Amino acid sequence: MKKKILVLLGLAIILVVVVLIFVSCKTAATAETTAAAATVAETTAAATTAAEVTEVVAGDESACADCHNDTTVIFSKETQYSNSVHGTGLNFERNDAGCAVCHTSEGFTARVAAGATLAVADDATAIQNASPVNCRTCHNIHTTYTKADWALKTVAPVTLEFTGDVYDKGNSNLCASCHQPRPGTDIPVAGGPAVEITSTRYGPHHGPQSSMLLGVGGFGEYKGSSVHYDATENGCIDCHMTDSAFGKQAGGHTWRMGYVFHEAETEFLAGCLKCHEDIESFDRNGVETELAPMVEELRLLLVKQGLIDDTGAGIAGTFTAEQAGALWNYKTFTEDRSNGLHNPGFGKFLLQTGIDALKAK
Ligand code: HEC
Ligand code: HEC
Ligand code: HEC
Ligand code: HEC
Ligand code: HEC
Ligand code: HEC
């Protein structure tokens with residue numbers, strides 16, 4: 001009997017000790033998460049108080065469930081993203097300081113934190129374990145841990161690094177901060193000095209879509225932004241991110257403008273239909289039909305005068321300002337890759353100016 005009481009007493013003491021250890025651990029853990037949450041709150045511009053964040057992390061899971069719930073709000077977007085070039089492209093290995101600011105999630109995040117200008121760091125140390133553009137690059141995921149985190153990381157107007165013009169078109173300012181020409185070479189000036197071309201990649205880099213919409217950054221005098229800049233509310237997003245009935249093939253978070261239907265490449269017109277009620281193809285009023293032969297004419301002239309080879313790669317050498325300008329315009333038009341649709345008027349100007357400059361030679 002006495003022995004039984006002693007055993008019970010022992011068990012009771014062990015239980016108390018276990019409870020005490022548990023409680024003290026839990027307090028320490030909460031303190032740690034609170035500290036972490038406080039830092040998060042401090043470092044973000046979002047107007048959530050540390051107390052609110054603490055409350056979420058300490059156990060009120062309702063805010064997590066704003067997003068992590070039984071709907072497909074995250075899953076549907078992840079599915080679309082998984083087929084996007086942001087998600088599948090392999091160019092996030094361009095992770096040196098000068099490239100990482102646009103090509104990696106980590107580099108872009110650091111750039112925005114530093115004030116949204118292109119250059120972040122001078123040291124060329126490559127980012128380790130870099131990620132491509134993803135949910136966290138564009139959205140403030142896990143910042144306040146509420147639905148407010150779908151807010152875009154930046155929608156500030158973008159002063160284009162290369163030309164100094166301001167791109168300001170709602171949510172697509174996010175896109176323009178990366179999809180802009182890269183400084184490097186000056187644009188040739190008509191009648192100016194000869195131009196020495198040293199790089200086979202001469203031109204405005206691969207993503208000059210924002211300058212194309214603004215109608216800036218070409219060789220020759222041109223005034224006027226695109227109808228598709230002026231008329232749209234959110235620029236790129238109005239056409240590339242329209243809700244889509246084509247799953248992960250086009251629109252939404254695929255950013256793609258085409259899908260396959262009955263084994264045929266089909267143009268994604270959902271965005272266009274918002275403004276052009278009876279549009280049947282991208283080639284509205286024959287704009288692409290008019291521009292395509294001009295691209296070919298300019299290309300052949302450039303090959304003939306020794307500025308590019310048959311594959312389109314630049315050839316090093318010294319050329320007149322007009323010749324270099326023609327090449328500049330050709331690269332701007334082709335690197336934009338919308339076949340002129342981003343800015344039909346400017347597209348035609350670029351090609352015509354290039355052709356005229358080479359023919360005058
Ligand atoms: C604004 C919506 C949103 C809220 C609110 C939110 N999450 Fe998430 N969470 C996401 C998204 C989006 C991902 C996927 C991120 C990715 O794929 O990069 C994710 C991913 C996760 C993951 C997977 C691991 C990871 O980090 O990728 C965990 C775990 C998670 N969330 C936990 C939480 C918890 C716990 C909370 C609340 C404290 C919370 N989330 C609140 C949107 C949210
Ligand atoms: C952080 C920089 C960044 C932001 C922000 C960004 N992009 Fe991109 N985008 C890229 C890079 C880099 C690629 C090429 C990825 C690769 O090839 O690995 C790309 C690829 C694309 C492509 C596919 C091009 C192709 O090769 O077919 C489209 C379309 C596109 N982006 C549209 C957009 C739109 C629209 C937005 C705004 C909602 C946007 N991007 C925001 C950097 C960015
Ligand atoms: C201002 C932002 C920005 C910077 C800085 C930048 N890129 Fe890009 N780059 C882009 C965007 C946006 C695309 C995708 C454009 C598209 O597909 O139309 C791209 C595409 C590319 C591609 C794919 C081209 C193709 O035809 O598929 C390569 C390669 C590339 N970049 C290399 C680099 C390298 C190397 C650097 C650094 C020396 C660099 N980029 C710096 C924005 C940038
Ligand atoms: C290249 C930038 C970019 C990336 C990457 C991106 N988003 Fe988005 N997302 C946007 C933009 C821009 C919008 C607003 C679209 C609009 O205005 O129609 C948006 C809207 C959303 C919305 C609707 C938000 C609301 O307020 O209702 C959700 C949900 C969402 N994204 C989830 C995701 C998830 C999940 C991922 C990762 C798989 C992701 N996004 C990746 C740019 C991006
Ligand atoms: C008026 C609608 C519209 C707007 C606005 C628009 N685009 Fe496009 N974009 C298109 C169409 C249409 C194509 C494809 C043209 C074709 O294939 O003939 C395209 C092509 C592209 C491509 C080439 C890859 C692909 O998907 O075919 C990229 C990259 C791109 N756009 C990015 C952007 C960015 C970044 C912006 C904003 C700065 C933007 N676009 C604004 C309609 C638009
Ligand atoms: C926000 C409204 C809006 C959207 C979205 C839009 N456009 Fe336009 N577009 C216009 C306006 C306005 C004009 C100039 C007036 C006109 O031609 O009707 C124009 C002109 C054009 C032109 C030049 C026509 C000419 O005769 O010179 C083409 C081509 C074109 N759009 C194609 C498209 C395609 C393809 C899409 C979808 C990828 C699209 N547009 C999306 C508003 C829009």
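A: Happy to! Before we start, please keep in mind that this is a predicted model, in which local features need pLDDT of at least 70, side-chain atom pairs count only at pLDDT 80 or more, and totals for chains, interfaces and linings use all residues. Residues are numbered from 1 along each chain as its sequence is written, while chains are lettered from A and ligands numbered from 1 in the order in which they are written.

The protein has 16 helices and six strands; helices (H or I, at least four residues) and strands (E, at least two) are DSSP runs, numbered from the N terminus. Of its 361 residues, 31% are buried. Here "buried" means that 20 or more other C-beta atoms lie within 10 Å of a residue's own, "exposed" means 12 or fewer, and "partly exposed" is in between, with C-beta atoms placed from the backbone.

Now to α16 (344-359). This helix has 16 residues, and from its first C-alpha to its last it reaches 23 Å, close to the 22 Å expected at 1.5 Å a residue. The expected span is 1.5 Å times one less than the number of residues in the helix.

Which residues of α16 are buried? They are P344, F346, G347, F349, L350, L351, T353, G354, I355, A357 and L358. The buried residues of α16 pack against α10, α14 and α15, where a contact means that the C-beta atoms of two residues, placed from the backbone, lie within 7 Å.

This brings us to the nonpolar core, a set of buried Ala, Val, Leu, Ile, Met, Phe, Trp, Tyr and Cys residues joined through C-beta atoms within 7 Å. The largest one has 42 residues, and L298, L302, A324, A326, L327, Y330 and L351 have the most contacts inside it. At least two residues of this core come from each of α9, β3 (195-197), α10, α12, α14 (287-304), α15 and α16. The biggest contribution is that of α16, with seven residues.

T334 and V295 are 39 residues apart in sequence, yet 8.3 Å apart in space, C-alpha to C-alpha. For the protein overall, residues 24 or more positions apart account for 59% of the contacts with a separation of 6 or more.

Most residues other than glycine have a negative phi. R337, however, has a positive phi near 65°, and N339 has a positive phi of about 55° although it is not a glycine. R337 is partly exposed because 13 other C-beta atoms lie within 10 Å. N339 is partly exposed because 17 other C-beta atoms lie within 10 Å.

R337 also leads us to a ligand. Ligand 5 is surrounded by 23 residues, the closest being H179, Q209, C236, C239 and R337; a residue counts as near a molecule if its C-beta atom, placed from the backbone, lies within 6 Å of it. At least two residues of this shell come from each of α9 (173-176), α10 (209-214) and α12. The most come from α12, with four residues. By class, the shell has eight nonpolar, 12 polar and three charged residues. In this count Ala, Val, Leu, Ile, Met, Phe, Trp, Tyr, Cys and Pro are nonpolar, Asp, Glu, Lys and Arg are charged, and the others, Gly among them, are polar.

One last stop: α12 (236-240) is also among the helices that each supply at least two residues of the shell around ligand 6, together with α11 (227-230) and α13 (270-273). Ligand 6 has 17 residues around it, and the closest are V227, C272, C275, R284 and N285. That shell has nine nonpolar, five polar and three charged residues.
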